[in-house]
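Look over the sequence and the model before reading on.

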Amino acid sequence: MELPSNTLANAVENLSNLPGVGKRSALRFALHLLKQPPEEVQQLATAIHRLTTDIHYCHLCHCLSDSDTCPICASPKRTQSIICVVENVQDVMAIENTQQYRGLYHVLGGVISPIDGIGIRDLHIDTLLTRVQQGLPAAVEEVILALPTTMEGDTTAFYLNKQLAPLGVKVTTIARGIAVGDNLEYADEITLGRSILNRIPFA
């Protein structure tokens, strides 16, 4: 794509690196930004920069946070004896949108996938086991495995169940109202909410 300005071309190239953004969409974004007041463009640039400087990961659950402990883990209104294990932050947001779950979370940061080079040590499994063993932030009675209904998700769930079994904690999994092969973030809120409420013992 030939552009009349190297600066514009550089902006388009960087914007096109975003997921789902092609060169044509990137060009539309860049041209749109050129029409905006400089202070608004600066606000956008500052907000993007702060993503890399001001966002933390909760030391307990590994969810995104503005401080060392996320609002969910810090809230006295949450049921602290239940931990819902999810693949990523998007899954936390999806479950929260259902307004059906009031426990805590643990974000693994992925699922076991040898073909993608993701192994057990690449995930936040050790910190989950530590939370259960030490009762952080409170004694844990139940762990819900809310992982993708894929081969990788099932492999991860079976491994976690094996590790959690000796710790004497109840292990459940969300009801299979979620279609096999689906990610939680793409499930509709009613189906996802019912899957959480109707969770079943992990077997």
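This is a predicted model: local features need pLDDT of at least 70, side-chain atom pairs count only at pLDDT 80 or more; totals for chains, interfaces and linings use all residues.

In it, the axes of helix α1 (residues 6-15) and helix α2 (residues 23-34) come within 8 Å. They cross at roughly 125°.

On the α1 side, the contact is made by Leu8, Val12, Glu13 and Leu15. On the α2 side, Lys23, Ala26, Leu27, Phe29, Ala30, Leu31 and Leu34 take part. By class, the contact of α1 with α2 has nine nonpolar residues, no polar ones and two charged ones.

**Salt bridges**

How many salt bridges does the model hold? The count comes to four.

| Side chains | N to O distance |
|---|---|
| Arg50 and Asp54 | 2.6 Å |
| Glu96 and Arg78 | 2.9 Å |
| Glu142 and Arg199 | 2.6 Å |

Take Arg50 and Asp54, whose side chains meet in a salt bridge. Arg50 has a relative accessible area of 48% and is partly exposed. Asp54 also counts as partly exposed, at 29% relative accessibility.

Glu96 and Arg78 form another of these salt bridges. The pair links distant parts of the chain, 18 residues apart. Glu96 sits in helix α5 (residues 89-98). Arg78 sits in the loop between α4 (71-74) and β3 (79-86). Is Arg78 buried or exposed? With a relative accessible area of 7%, Arg78 is buried, because the cut-off for burial is under 20%. Glu96 is partly exposed, at 24%.

Glu142 and Arg199 also meet through their side chains in a salt bridge. Glu142 lies in strand β5 (residues 142-145). Arg199 lies in the loop between α8 (189-197) and β7 (200-201). The two residues are 57 apart in sequence, so the pair ties together separate parts of the chain. Glu142 counts as buried at 7% relative accessibility. Arg199 is partly exposed, with a relative accessible area of 26%.

**Ser113**

Where is Ser113 placed? Ser113 belongs to the loop between β4 (103-107) and α6 (125-134). Its relative accessible area is 3%, so Ser113 is buried. Leaving aside neighbours within four places in sequence, Ser113 is in contact with Ile118 and Glu152. The C-alpha atoms of Ser113 and Gly153 are separated by 8.7 Å. Along the chain, Ser113 and Gly153 are 40 residues apart.

**Thr79**

Thr79 is in strand β3. Its relative accessible area is 35%, and Thr79 is therefore partly exposed. Which residues does Thr79 touch, not counting those up to four places away in sequence? They are Arg102, Gly103 and Leu104. Thr79 and Arg102 are 23 residues apart along the chain. Their C-alpha atoms are separated by 5.8 Å.

Methods: Residues are numbered from 1 along each chain as its sequence is written. Side-chain values use heavy atoms; hydrogens and water are left out. Buried means under 20% relative accessible area, exposed over 50%, partly exposed in between (1.4 Å probe, protein chains only). Helices (H or I, at least four residues) and strands (E, at least two) are DSSP runs, numbered from the N terminus. Axes are lines fitted to C-alpha atoms, for helices over the stretch in contact, and angles run from 0 to 180 degrees between N-to-C directions. Contact means heavy atoms within 4.5 Å. Ala, Val, Leu, Ile, Met, Phe, Trp, Tyr, Cys and Pro count as nonpolar, Asp, Glu, Lys and Arg as charged, and the others, Gly among them, as polar.
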